[in-house]
Amino acid sequence: MKSRERLRIAIQRSGRLSEPTLTLLERCGLSFRDGSDKLFCFGEDEPVDLLRVRDDDIPALIAQGVCDIGIVGRNVLEEFSCANENAACKLQILRPLGFGRCRLSFALPLENEYRDAAQLRGARIATAYPNLLRRWLNERRIDAQVITLTGSVEIAPKLGTADAVCDLVQTGATLAANHLREVETVLESEAVLAAPEELPSDGRGDLIDLLLRRLDDVNRVRGTRLLLLHAARGSVEAIARVLPGTPRLTVLQMDGAPDQVMLQALCASELGWRQLEAIRRAGARELFVLPVECALA
Ligand code: PRT
Ligand code: ZN
C-alpha cells in the first residue's frame, strides 16, 4: 500500500492527552512502532499511522490534509475554527472521547463581586483563547479588551496586566493558588476526534468508519467491570442485592460441588471499597474484578 493510502491520525506528542489517546487507540485494536524521531509512528496491524505533534498544530494539520483525522481538546479545535471561520476546509467533531475534561472559564480576583457577564464590559481579559473569547463576547454584545497570552494566564491579574482571566480549569486548584474565583463557563471541553467536514471517499474513509465502530465498541463499556466470584448457591440473592445498578448476572454450576456456584456479573460502573466489602460480606469468595475493554454490538 502506498503511504498516503494509509490513514494518518494527528495526536498530541507529549502532554495531558498523549497517554489516554494512545491507550484508547490500543483498546481499539491498533498498535504502532515508534519512528526514530518519535514524530511518526507506523501502524503495525492496520494501515493507520500516527503523527505526534503539539496539540495546537493538530487542527491545521487536518485542515491542510497532512493528517486525515486528529485527537485534540475541543477548546483547541474551537479556537482554530473561530480563527478560521472563512477557511475553505471546515472541521467537524466525529466523536467526543470522554477524557481530558476541563472547562474554559472566566475567573476574577477573590475580592471582586460577580453579578453577571455584563460586568465584563470594558474589562481587560487575559486568555490563550482570544478567538473563542471574542466570539463569546460578541454573541453577548460585550465590549471588552482581549489580552492574548500563551502561558501563565492566571498570574495576569496579580501583575496588574488584566482584570480577569479566561482560562482552562479542571480542579480549580490553579485558580485558588492565584486568589482567583471561577465565575462563568465559556466552553465545556474534552478530547474529541476531529476531521474535515468532508471525509475522504477512498480507502481512508472506510478506515475512519472502522475506527468509529471500534471507538463505539470501546465507549459502550467504558467504566464497565466484569465481576467473577465463587459463592454458596444460597448467597446468590444476597450478593445480587448489593451489586451496583442492575447488573447482568450469570450463575454457573461448579463441577462436583452442587451447592457452590460461580457468579458472573457485568456492572455498568466501577466498584468502590465499600461495595466490594459489601459483596464479600454477602458471601463472595475468590472475587475477581476485571475491566472490560470492548463489546461488539
Ligand atoms: O505541548 P503542547 O502544546 O502539545 O501541550 P499544552 O501544554 O498546550 O497542553 P496540555 O498537555 O497542558 O493540555 C492538553 C489539553 O488537555 C488541553 O488543550 C485541554 O483540552 C486538556 N486539559 C484538561 C487541560 C487541563 N485539563 C488543564 N487543567 N489543559 C490544561 N490545563 C491547565 C490549565 O491551563 C491551568 O493552567 O491546568 C491548569 C488548571 O488545572 P486545575 O486542575 O488547577 O484547575
Ligand atoms: Zn498546546
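Reader: Start with His-179. Buried, partly exposed or exposed?
Author: This is a predicted model. In it, His-179 is partly exposed, because its relative accessible area is 49%.

Reader: Where does His-179 sit?
Author: His-179 is in the loop between helix 6 (173–177) and strand 11.

Reader: What about the phi of His-179?
Author: The phi of His-179 is positive, about 55 degrees, although the residue is not a glycine. Most residues other than glycine have a negative phi.

Reader: Switching to the metal. Which residues hold the zinc ion (ligand 2)?
Author: The protein donors are Asp-55 and Asp-56, both through OD atoms. They lie 2.0 to 2.1 Å from the zinc ion.

Reader: Now the overall layout. How is the chain divided?
Author: Into domain 1 (7–100 + 191–220), domain 2 (102–188) and domain 3 (225–291).

Reader: How far apart are domain 2 and domain 3?
Author: Their C-alpha centres lie 49 Å apart.

Reader: And the largest nonpolar core, how many residues?
Author: The largest nonpolar core has 36 residues. Phe-106, Ile-125, Trp-136 and Leu-137 have the most contacts inside it. Elements giving two or more residues to this core include helix 3 (74–83), strand 7 (102–109) and helix 4 (130–139).

Reader: Which domains does this core draw on?
Author: Domain 1 and domain 2, with at least three residues from each.

Reader: What does Ile-125 touch?
Author: Leaving aside neighbours within four places in sequence, its contacts include Phe-106, Leu-133, Leu-137, Val-146 and Cys-166.

Reader: What other core is there?
Author: Another core, of 26 residues, lies apart from the largest one. Leu-50, Leu-97, Leu-193 and Val-218 are among its residues.

Reader: Back to helix 3. Why call it largely enclosed?
Author: Because 7 of the 10 residues of helix 3 are buried. Among them are Val-76, Leu-77 and Phe-80, along with Glu-78 and Glu-79.

Reader: And helix 7, how many residues?
Author: Helix 7 (residues 203–220) has 18 residues. Its span from first C-alpha to last is 26 Å, close to the 26 Å expected.

Reader: Which residues of helix 7 are buried?
Author: The buried ones include Leu-207, Ile-208, Leu-211, Leu-212, Leu-215 and Val-218. Residues three or four places apart in an α-helix point the same way, because there are 3.6 residues a turn.

Reader: What covers the buried residues of helix 7?
Author: Strand 1 (7–12), helix 1 (18–27), strand 5 (69–73) and strand 6 (91–96) are among the elements that do.

Reader: Last one. Thr-246, buried or exposed?
Author: Exposed, because its relative accessibility is 79%. Thr-246 lies in the loop between helix 8 (236–242) and strand 14 (248–254).

Reader: How far is Thr-246 from Leu-266?
Author: They are 9.0 Å apart, C-alpha to C-alpha, and 20 residues apart in sequence.

Key. Residues numbered from 1 in each chain as written. Chains lettered and ligands numbered in written order. Predicted model: local features only at pLDDT ≥ 70, side-chain atom pairs only at ≥ 80, totals over all residues. Heavy atoms only, no water. Donors = N, O, S within 2.8 Å, 3.2 Å for Na, K, Ca; no water. Domains from an automatic or database assignment. Core = buried A, V, L, I, M, F, W, Y, C linked by side-chain atoms within 4.5 Å. Buried < 20%, exposed > 50% of the residue type's maximum accessible area, 1.4 Å probe, protein only. Helix = DSSP H or I, 4+ residues; strand = E, 2+ residues; numbered from the N terminus. Contact = heavy atoms within 4.5 Å. Expected span 1.5 Å × (residues − 1).
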